[in-house]
Amino acid sequence: MIDNDILLVNETLNGKIESFGMLVEKYQNTMFNLAYKVTMNKDLAKDIVQDSFIRAFEKLKSFNQEKRFFSWIYRITLNESINAKKRSRFTDNLLEDLAGGDITTAEEIEKRELMLKIKKSIDQLDDKYKTLIILKHYQELSYDEMSEVLNIPIGKVKSRLYTAREYLRINIEKTGQ
Amino acid sequence: MKNQLLIELTNKFIDKELTSDNQLVLNDLLKDPDNKKYFESMVNAIDKLKRCKTPEQYIDIKNQLMSKISQRRKENIMEKILEGLSSVFIGSKYGYAVSFGLGGLVVGLLLFIQPANYHVDDTFLKGVMASPDYDKTYYLEEQGFTGAVNIKYSQDMVLIDVNLKTNENIDCKLNYDKTRFALFGVKPLSNNEGSKFASHGNSVRLSNLDSNQYLVFLRYLQKNDSKVHVSFYSGSMMVANLTIDITK
């Protein structure tokens, strides 16, 4: 089966710019959610997605068509997100998101407290572990996809994720949850 | 040190990858209270993590993004034409004259495709800058450059003064909410050759901030609180950014 994305990539390379628009339309939300989960800031995430797609467009000739376009744009967005997060002066939107809406039940209050503590536990992880946790548990990527995006063998993805989970477990216990 | 087998099987359990044989081995391992404690602690941690998953967010940046890409494409085409012209006419007898003429044509085309630029004249500036006091200042201390973004409110508009101290070619992009502001004008305070700016959609791009200072004027469309997002770039790499709260 011919990958439809590759057709769109080739059409773009042949000057049909609207085909790149179809790729943007297809993946913009996935990339936005990835960038948002890494940075926890919607404005920054939106900028990252735009920059990532522009970068992909400019480097499209160097895209290896034996690979999936999804993994390529995903890796670009992930790297941009991690770098932007390091440099960012933004504060997290998580607090704003949590403050939005009325709190009506004790259960909701408890959930919000839990979210803040989990976020803190994730933030304490090294970038390489944090990334794996986000990709697996928030983006729900398979091990195959993680291996392709991170460009490391599946066995290594698994062993790193196991270590990441172990550190996360320890951090969560430390926060008293 | 924990049993490696226990760690592997616990993770397989979390990933729902346990075979029936694995399950039997795990059950056996969990007879040990320490192992059971570890297993429950890990499963609980991952369960909490999953419960905290934020809902998916949706955006639609396609049109905005595609117009940026189209603009860049046009600029690249013009750059290529210029490169082509210089290579064709180098060494030609009439090279300078022809290059000059065609160069003028290309500059004309560049101006034609360039998004609207809004220049602010000095008379206006003197009036606005009569009082140099700023209402708010955001300081930047990055590797390679320092500086400040100053804010000044007036009756109908807000002035954003971008002033960096750097020897690098840093670009700056300001994004604002088009329903709240309209771009009134931009003024580079020194006339370096590389100093230029362009506006497009809801953003203004200031080029080459080495030793230059830009004043950006946004006119209020609505006097509600809003934010202006400022990003700094070295080439295509974003090196810093900040969000300005417009509170007046």
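Colleague: What average pLDDT does chain B have?
Modeller: This is a predicted model, and chain B averages a pLDDT of 78, with 73% of the residues scoring at least 70. Where pLDDT is low, the predicted coordinates should not be read in detail.

Colleague: And which ipTM and pTM scores does the model get?
Modeller: The model has an ipTM of 0.83, and its pTM is 0.59.

Colleague: OK, on to the contact: how many residues come from each chain?
Modeller: Chain A puts 40 residues into the contact, and chain B puts in 33 residues.

Colleague: Which helices of chain A supply at least two residues each to the side that touches chain B?
Modeller: On chain A, α2 (17-39), α3 (42-58), α4 (69-87), α6 (106-123), α7 (127-138) and α9 (154-174) each supply at least two residues of the side that touches chain B.

Colleague: Which one gives the most?
Modeller: That is α3(A), which gives twelve residues to the side of chain A that touches chain B.

Colleague: What's that side made of, by class?
Modeller: The side of chain A that touches chain B has 19 nonpolar residues, together with 13 charged and eight polar ones.

Colleague: Switching to the sheets in chain B: what is the strand order in the one with β1?
Modeller: In chain B, the order is β1-β2-β3-β8-β5, which makes an open sheet of five strands with antiparallel pairing. Its edge strands are β1 (136-142) and β5 (181-188) of chain B, each of which pairs on one side only, and the twist averages 15° from one strand to the next.

Colleague: How many bridges are there between β2 and β3 of chain B?
Modeller: Strand β2 (residues 145-153) and strand β3 (residues 157-166) of chain B are paired in the antiparallel sense over nine bridges. As an example to find on screen, N150(B) stands opposite D161(B) in β3(B).

Colleague: What about the sheet with β6 of chain B, what order does that have?
Modeller: That open sheet of five strands in chain B runs β6-β7-β4-β9-β10, with antiparallel pairing. Because β6 (196-200) and β10 (237-246) of chain B stand at the edges with a single partner strand each, one side of each is left without a neighbour in the sheet. The twist here averages 15° from one strand to the next.

Colleague: Which residue is the bridge partner of L174(B) in β9(B)?
Modeller: The partner is V230(B); strand β4 (residues 170-175) and strand β9 (residues 226-234) of chain B run antiparallel and are joined by six bridges.

How values were computed:
Residues numbered from 1 in each chain as written. Chains lettered and ligands numbered in written order. Predicted model: local features only at pLDDT ≥ 70, side-chain atom pairs only at ≥ 80, totals over all residues. Pairing = 2+ DSSP bridges. Helix = DSSP H or I, 4+ residues; strand = E, 2+ residues; numbered from the N terminus. Axes fitted to C-alpha atoms, helices over the stretch in contact; angles between N-to-C directions. pLDDT = per-residue confidence, 0-100. Contact = placed C-beta atoms within 7 Å. Nonpolar A, V, L, I, M, F, W, Y, C, P; charged D, E, K, R; others polar.
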